[in-house]
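How do helices pack against each other? Look at the structure below with that in mind.

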Amino acid sequence: MKKTLSILLIFLVFLIIYFLQVNFFTWFNIAGVKPNLFVILVLIVGLFAGRNLGISTGVVIGLLLDLFISKKVGITAIALGIIGFIGALLDKNFSKDSKITIILMVFLTTIIYEVLNYFINAVIFSYTLEIATFAIKLLIEVVFNILITIIFYPLIQKAGFALEERFKETRILTRYF
Amino acid sequence: MYKNKKSGAIGIVVTVIILILLVVLSNINIDKLSVVENIFSTIVMPFQNGFTMLKNKISGNDTFFTDLDNLKTENEELKQKNSELEQSLRELEIIKAENTTLKEQMNLKEKYGEYNTVSGYVINRDISNYTGMVVINVGSDDGVQPNMTVIADKGLVGNVVSVTSNTAKVQTIVDPASSVSCIINTSKDAFITKGSIDSGREIRATYIPTDAVLVQDTSVETSGLGGIYPKGIHVGTIKEVVNTQNPTDKYATIETAVDFSKLDTVLVILN
């Protein structure tokens, strides 16, 4: 029951983020660049709730985004699924108690997600690669994501540990072994 | 523990301030220095008022301040009137906005009267910084099909890539995957324009003939080649021409006629 409620809450957060991305951040942006809060959401789920929920959250959110706005269904789903997997992978190797670690994880996963997404799209739709422009935009996006992570860190940590308690029975053990 | 909590809260506040400053500074228009002007006048005004009052007193023009009670009553009445006027102004603004939208639709229909069209609104914008898709509120039920051309009051928007019964996904001409065959209005030189991730309103003209003469501010329109876009739809104006050592690599930047950040009403060409 608690697990179902948590999944519903994740879906609710997804909806809030979606409306922020398509409305609020169209004007609240840095030099025309929006943050990508979906990456943070999937990373946090993968990191705290484990591999299975991380990947499935990433894939489902990605599929929904593909259906809502993308040209091809599947690209965002794959990219976000990978972020969910990376989240679980990072959980095994790093501590989640430090703010700096979380920030570095957001930094890393935002870059991985956008690079993956951009290059898959570039191959499928034969883009002219604009590496310099892409790098500048990506840098701004990463900074934006990091600032948002810093602002919402207390909330992220609280929600994360609540998820961990519900989805991982062996929380303390995994941290030490 | 207390210190940690306190410094954490301060950190969050500082980050929020930094974020807001970044957003404001990065979106500020350098040409409009009214903000600086305002700050300057806020600082200077009290001194100026003080000096004026002093001058009036010395020169005997201070009778204005004697009838203070009358002034207060008058001020109250004016405040009341002002709030009433503000209220009617707000109502007028709403009517004006409605009128503008309806006019826009009418103009669009008249302007592109030769085409069989259906009008719609943008209901969803892209979440990514690297693509340019929009979703409109007309779909297969309204006769919209993939590859149909979408236009706005100022010019070309893009083409429909997929439809549901009530919505359609539109790939705008600024999307990096988009390419449009265009001609220059005056010289009829043809080239291909491609979308870019660079900016929301710029596309790049490539495959420009070596003997083509591109002049800044020249109007560019669709050539009708390629099978998607009809001929003669305004695309934008040439903003910058970049000559390279190899003449075949020459390219130009075109500013699109449509401002995609403010795109609202569109027309889908059905025939």
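Predicted model: local features only at pLDDT ≥ 70, side-chain atom pairs only at ≥ 80, totals over all residues.

Start with helix α2 (residues 37-49) and helix α5 (residues 99-125), both of chain A. Their axes lie 10 Å apart. The packing angle is about 120 degrees. Angles from 65 to 115 degrees would count as roughly perpendicular, and those over 145 as roughly antiparallel. The pair α2(A) and α5(A) is therefore oblique. The crossing of α2(A) past α5(A) is right-handed.

Which residues of α2(A) meet α5(A)? They are A:Val39, A:Ile40, A:Leu43 and A:Leu47. From α5(A) come A:Met105, A:Val106, A:Thr109, A:Thr110 and A:Tyr113. By class, this contact of α2(A) with α5(A) holds 7 nonpolar and 2 polar residues, with no charged ones.

## Helices α3 and α4

Now take helix α3 (residues 51-69) and helix α4 (residues 75-93) of chain A. Their axes are 7 Å apart, and the angle is about 160 degrees. Because of that angle, α3(A) runs roughly antiparallel to α4(A). Here α3(A) passes α4(A) in a right-handed crossing.

On α3(A) they include A:Arg51, A:Gly54, A:Gly58, A:Gly62 and A:Asp66. On α4(A), A:Ala77, A:Gly81, A:Gly84 and A:Ala88 are among them. How many residues fall into each class in the contact of α3(A) with α4(A)? There are 13 nonpolar, 8 polar and 2 charged.

Technical notes:
Residues numbered from 1 in each chain as written. Chains lettered and ligands numbered in written order. Axes fitted to C-alpha atoms, helices over the stretch in contact; angles between N-to-C directions. Helix = DSSP H or I, 4+ residues; strand = E, 2+ residues; numbered from the N terminus. Parallel < 35°, antiparallel > 145°, perpendicular 65-115°, else oblique. Left-handed = near helix turned anticlockwise from the far one by under 90°. Contact = placed C-beta atoms within 7 Å. Nonpolar A, V, L, I, M, F, W, Y, C, P; charged D, E, K, R; others polar.
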